Amino acid sequence: MMTTSFETTRTRGQEPWLVRHGMWVVLGLAALVRGAALTLLPSVIGTDGARYMLRAAQLSAGKWETAFVNVDFNLFPIGIAWLHDLLALGVPVSFEQAGMLLNVSAGLLLIYPLYRITRRLYGGIAAVTAGVYLACLPELIGVTCAFVREAPYLCVLAWAYYYVISALDNPDDRAWRLG
């Protein structure tokens with residue numbers, strides 16, 4: 001007698017509501033938790049954050065040569081400058097607000113690929129559980145609600161991991177191409 005797991009015997013329409021709509025529930029919960037953290041917790045920008053805002057202002061003004069003279073190069077100030085210039089087309093925002101929005105957005109966007117990987121490997125119930133854990137994880141909330149450079153990097157790593165796992169599932173070599 002052949003046995004199959006509970007997850008594989010159900011079709012998509014037979015899954016419980018929370019499993020079918022789990023990604024939206026998890027993203028909503030993550031947005032609520034991060035909104036509460038931004039509202040209730042004090043925001044302190046460290047010396048690194050001040051340097052990143054200065055570099056972002058220089059990049060936004062087109063002074064690329066002065067933004068990275070004798071300092072380490074990273075993408076966080078470039079992301080802040082890009083988002084600031086993009087948002088400034090419709091809404092005036094500060095570089096601090098652009099950096100915080102970049103981090104919160106990256107924190108929300110990194111949950112999706114990790115949810116999809118968990119769903120693919122372990123099923124819907126495990127994906128919802130892992131998603132709720134990621135939405136409420138204090139360390140992840142702290143990184144994504146602070147003016148630090150780690151949130152965009154974690155987001156890029158999560159998406160890279162998701163694309164590698166997806167490409168490994170696909171035997172066609174075209175899955176490895178970006179274009």
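I started with the second largest pocket: helix H10 gives the largest share of its lining, three residues. Helices here are DSSP runs (H or I, at least four residues), numbered from the N terminus.

This is a predicted model; local features need pLDDT of at least 70, side-chain atom pairs count only at pLDDT 80 or more, and totals for chains, interfaces and linings use all residues. Residues are numbered from 1 along each chain as its sequence is written, and side-chain values use heavy atoms, with hydrogens and water left out.

**Second largest pocket.** I noted a volume of about 170 Å³. A pocket is an open set of points on a 1 Å grid over the protein atoms alone, where a 1.4 Å probe fits, with protein on both sides within 12 Å along at least five of seven lines; lining residues have an atom within 4 Å of a point. The volume is the space filled by probe spheres set on the points, which are joined across faces, edges and corners. Of its 13 lining residues, Ala-37, Leu-41, Pro-42, Cys-145 and Ala-146 are closest to the centre. Helix H3 (22-40) and helix H10 (138-144) each give two or more residues.

**Largest pocket.** I read about 220 Å³ here. It has 13 lining residues, and Leu-75, Leu-102, Pro-152, Tyr-153 and Val-156 are the closest to its centre. Helices H6 (76-87), H7 (95-109) and H11 (150-169) each give two or more residues to this lining.

**Cysteines.** I searched the whole structure for disulfides (cysteine sulfur pairs within 2.5 Å) and found zero.
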